[in-house]
Amino acid sequence: MSFEIERKFLVTGDFKSQAYSSSRIRQGYISTVGKATVRVRIRDDKGYLTIKGRSNEAGISRYEFETEVPLQDAEDLMRLCEPGVIDKTRYLVRSGRHVFEVDEFYGDNEGLIMAEVELSDEQEAFEKPGFIGREVTGDRRYYNSHLRTYPYKLWREG
């Protein structure tokens, strides 16, 4: 099992012109209760099964296990998921030594655009691109598992 360290931000400016890659993602959750979240993801034509532990108090780090599964298995597992599916396009944007993953959400989360950067430790410095807005690391409203049941359209800011 690996350790995931990431920070999340709202996106306030143009990022698409800086993206070097994009992919469509649909994901559902088999379980969001207890000590771990179990997620099924279909990214373009590949399937993944991910188990994530609870975040630390700051919301920056947590345990994560992810493995690729056959696409048909991922599609079958999506039928076992709790209600609500996350649908988004992920764009990859380089900034300094890091890559920001920028997610543009659809459906009930339309209008929400967030960026994440993965770090090697919680204190690691990184270069913020110009489109980065307010930090929302640790704000559970912005967790994908939360957006599935309490979509952005119900509580959106501003």
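Here are some notes on the pocket, the cavity and the nonpolar cores of this predicted model.

1. Ground rules. Residues are numbered from 1 along each chain as its sequence is written, and side-chain values use heavy atoms, with hydrogens and water left out. As this is a predicted model, local features need pLDDT of at least 70 and side-chain atom pairs count only at pLDDT 80 or more, while totals for chains, interfaces and linings use all residues.

2. UniProt lists residues 2–149 as "domain: CYTH" in an unreviewed entry (positions are in the numbering used here, the feature name is shortened, and annotations may be inferred rather than shown by experiment). That span is 9% helix and 50% strand, and its end C-alpha atoms lie 27 Å apart. Helices (H or I, at least four residues) and strands (E, at least two) are DSSP runs, numbered from the N terminus.

3. The largest pocket holds about 590 Å³ of space. A pocket here is an open set of points on a 1 Å grid over the protein atoms alone, with protein on both sides within 12 Å along at least five of seven lines; lining residues have an atom within 4 Å of a point. Points are joined across faces, edges and corners, and a volume is the space filled by probe spheres set on them. Of its 31 lining residues, Tyr29, Arg39, Lys52, Arg62 and Asn144 lie nearest the centre. α2 (144–149) gives the largest share, 5 residues. The lining divides into 4 nonpolar, 9 polar and 18 charged residues (Ala, Val, Leu, Ile, Met, Phe, Trp, Tyr, Cys and Pro count as nonpolar, Asp, Glu, Lys and Arg as charged, the others, Gly among them, as polar).

4. The cavity. The count is 1 cavity of 30 Å³ or more, where a cavity is a set of points that a 1.4 Å probe fits but cannot get out of. Strand β1 (residues 2–11) gives the most to its lining, with 4 residues, and the lining residues include Arg62 and Tyr143.

5. The cores. The largest nonpolar core has 15 residues, with Phe100, Val102, Ala115 and Phe131 making the most contacts inside it. Such a core joins buried (under 20% relative accessible area) Ala, Val, Leu, Ile, Met, Phe, Trp, Tyr and Cys residues through side-chain atoms within 4.5 Å. The largest share of this core, 3 residues, comes from β1. Another core, of 11 residues, lies apart from it and includes Tyr142 and Trp155.

Notes. Buried means under 20% relative accessible area, exposed over 50%, partly exposed in between (1.4 Å probe, protein chains only).
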